[in-house]
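Visitor: Could you walk me through this model, one step at a time?

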Amino acid sequence: MTDRLPPRARLAVVAARGVSGMARRTGRHGSVIGGRVATVLDRRVLARLAVGRTVVLVTGTNGKTTTTSMIARALGGDGEVATNHLGANMPDGITTALLDAPDRRLAVMEVDESYLGEVAAATDPAAIVLLNFSRDQLDRVGEVRTVARRVGDAVAAHPRARVVAFADDVLCAGAGLRSAAPLWVSSPSSWTGDAGVCPRCDGPVTHAGLRWTCGSCGCERPPGNWALVHDDGWSARGPDGVEVPLEIALPGHANRLNATFAIAVAAELGVAPAVAAARLRGLEQVGGRYRTVTRPGGSTRLLLAKNPAGWAQVLDLLDEGPGRPVVVAVNSREADGRDVSWLWDVPFERLAGHPVVVAGDRSAELSVRLAYAGLPHRIADDAVGATRDTLGAVDLVGNYTAFHDATRVLA
Amino acid sequence: MSARIVLLLPEVLGTYGDAGNAAVLATRLRWRGIDAAVHTVGWDDAVPEGGDVYVLGGGEDAAQLLAVDRLRDSTGLRRALDRGAPTLAVCAGLQILGRSFTVADGTRVTGLEVLDVETVPGRGARRIGDVTADPLLPGLTDPLVGFENHGGVTTLGADAAPLARVRGNGAGNGTGDRLEGAVGGSVVGTYVHGPVLARNPALADLLLTRALGALPPLEVPEGLPSSTARRLGARFPGAFTAADRRRAGA
Ligand SMILES: [Zn+2]
C-alpha cells in the first residue's frame, strides 16, 4: 500500500524502514523507532498507513496483548494480519507495526487506554474492542474513571466502528454504551473493585451475583450477545444459537474470556466462529506470558500480573491447578508505577497452600502484605534464582518490569 | 466478645488500597490473642454504632460525593463519633469528615463537620510520590512513611492539630507549611497512603490502644522472614515472635 502514499509520506516510510531495520539489527527499540522517525518526517503517517485497511483496535486495562494476539490469529494470523505483537501500544509502536506489514489489509492493534482517541482518529477503525477497566498505576495513568470516560469519548467519536465491549465490567459497559449498537461479551467476573460509581450519572452501583444496577439512573448490565459458558466443557455462545467449544492451550478463565472476544470480533469481520476457534487452538504463549521453561529438576511457568484485576485472574488460574510453589516478584519502576498500595487490593490469602517466595525491588513491602494475609514465606534476592532453587513445577508471577526481567533471563 | 473494626464504604472509598488499614488493625489484635473482625459497611448497609475503630479510605471525586451524602444521614456513624470512637480517615475520608470540601468543578460540599478542616482544590500539579514525615501527635515517635497522591489543599482550623510535618519535597496538606494530616478529638486524618497503617504499625497500635486500652504483647506468626517480623512490630516494647519466646524458654 506504500505505492499509494504521497511523496512526503513515502519518503517518511522509506527512511523509517531503514532506521527500523538498523535498530533491530543492533537490538535497540526496534518496535517503536521506525514509527517515531516516520512521524517526525510526516505527522499524518499513521493515518496514511491505515488507509484502505480494516483496522481493529483493542484496549482495556488487562489482557490487551493476549487478546490482540488471539484476534490476529482468528483473522488468519501472520500472513494476513498486521499487528503490534511486541506490545508496543502507543502511536509510534502502532505506526511501526503498519510500516512493517505494508501489504496486509487487516490490522489488529492493541492500544494503550490513554491513546485510543488519537489512534482511532488516525485509523478510522472498523472495530473497537473494550476489554475491562480497573485501577492500574494510579500515580502514572491517573484515575480509572477518567481513563474510561476518555475511552467512551473515543467510542462516541467513531460511530461507524463496531464496538465489542465487556458487559460485566461497569466502567467498560459505560464506555461501550457511548456506541449506538455495541456488541456485548459477558462472563462471570470476580473483580468489582472499581465498580461502585455509575459511569453515566455518578450514582451508586450495586452488585447482585453477576448483575449490576445503578440506583439512580437505572443503568444496568447489558445482556451479552456473546457469552462464555460452561456445560460439559467451556464454550463461546453467540447470537442465533451459535456455540463453539473452546480448546485453547492458554490457561485460566481470563484467557477463555479473551478467546470469546476473539471469536466475537472475527465473526463480526466474516470469519465463521468454528474456524476462528480452530485457529486459536495452537496458541501457547503470548510475548512470554504463560510460557513454561524447563530447567534441571523442574519447570517454571511465567505469569504477568500488574494490578489487582490481573492478580484476580492469576489467582483463578492458580486455583485450577495443584498447590505448586509460587515466586512473586514486584518492582515499582517507572513502567510499573511507583505506588505499591495496590498490593492491598489483591486477595493474597488465596495463595494459602502454595509455598511462597517473594522477590523484586519491593519484596519488603510485599512480605509485610503476605504476613498480614497469614502466609508463611521467604524473601529471595532474585526471582529467577528462587525458581532454580525449587524442585518441580513453579509459577513465577511478576508485575511489568519484574516479569520482563525474568523473561529476559530465561530467554 | 470480638473487637470490631468498621470499614466504611470500600466500594467508593477504596481506591488506593486503604481498605488494608482495617485488615492491619484486626490482624494486629489477633496477633495479640484478641479476637477481632473487620465489619465491612457496604453501600446498602447501616453503619454500626458500637464499633471499636472506624476506617475511611480515599476515593475519586464522584465517589467522594456519593460517600459524603451516604454518611451524612448515618446515625450509627454520628453516634460512634459523638462517643469518641477512634477513627482513621485517609485522603478523601479526611476531607469528608471536615467542615467542607470543594471538588474540581468548583462545587462546595458540606462535610460531616467532625474535623475542623476545609479543603479546596490545589492550583499546581498533584503531588505524587513517597513521603516521610516527623510525627507531631503525642505517642508517636517513628517517622511516618507512605505514598502521597492528591491535589487538594486542606487548611486546619483552631480545633484541629496536624498529625506530622513532612520532610523534603512532600506536600502534606498542600498548604506550603509542611503540615500533614489533621487530628481532632478521636479522629486521625492523613493524606498518607500505603496503606498508612501497614507502613506505620505504631500508628495502628496507637488507634487500637485508644479503643481498647493497654494491649498485650504482639506475637508475630512463625514462618516469616526475620526482617519482616521486625517491621511488623518488634520495635514496640513487649513485641516478640514465637521463636523469641521459645528461645527465652517461656
Ligand atoms: Zn446511573
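This is a predicted model: local features need pLDDT of at least 70, side-chain atom pairs count only at pLDDT 80 or more; totals for chains, interfaces and linings use all residues.

Visitor: Is C214(A) buried or exposed?

Guide: A residue counts as buried when its relative accessible area is under 20%. The relative accessibility of C214(A) is 2%, so C214(A) counts as buried.

Visitor: What is the geometry of the site of the zinc ion?

Guide: The protein donors are the SG atoms of C198(A), C201(A), C214(A) and C217(A), which lie 2.3 to 2.4 Å from the zinc ion. Four donors count as tetrahedral if all angles lie between 85 and 135 degrees. Here the angles among the four donor atoms are 98 to 114°, and the site is tetrahedral.

Visitor: How many residues apart in sequence are the parts that C198(A) and C214(A) tie together?

Guide: Along the chain, the donors follow the spacing C-x2-C-x12-C-x2-C. C198(A) lies in the loop between β6 and β7 of chain A, whereas C214(A) lies in strand β8 of chain A, so the pair ties together parts whose separation in sequence is 16 residues.

Visitor: Which residue in β6(A) is the bridge partner of F166(A)?

Guide: Strand β5 of chain A, residues 162-166, pairs with β6(A) in the parallel sense over three bridges. Together with helix α8 of chain A, these strands make a right-handed β-α-β unit. In β6(A), the bridge partner of F166(A) is V185(A).

Visitor: Which residue in β9(A) stands opposite S186(A)?

Guide: β6(A) also pairs with strand β9 of chain A, in the parallel sense over two bridges. The residue of β9(A) that stands opposite S186(A) is A227(A).

Conventions: Residues are numbered from 1 along each chain as its sequence is written. Chains are lettered from A and ligands numbered from 1 in the order in which they are written. Side-chain values use heavy atoms; hydrogens and water are left out. Two strands pair if DSSP finds at least two bridges between them. Helices (H or I, at least four residues) and strands (E, at least two) are DSSP runs, numbered from the N terminus. A crossover is right-handed if, with the strands pointing away from the viewer, the path from the first strand over the helix to the second runs clockwise. Donors are N, O and S atoms within 2.8 Å of the metal (3.2 Å for Na, K and Ca); water is not among the atoms, so sites may look incomplete. Four donors count as tetrahedral if all angles lie between 85 and 135 degrees; four count as square planar and six as octahedral if opposite donors are over 155 degrees apart and all others between 65 and 115; anything else is irregular. Buried means under 20% relative accessible area, exposed over 50%, partly exposed in between (1.4 Å probe, protein chains only).
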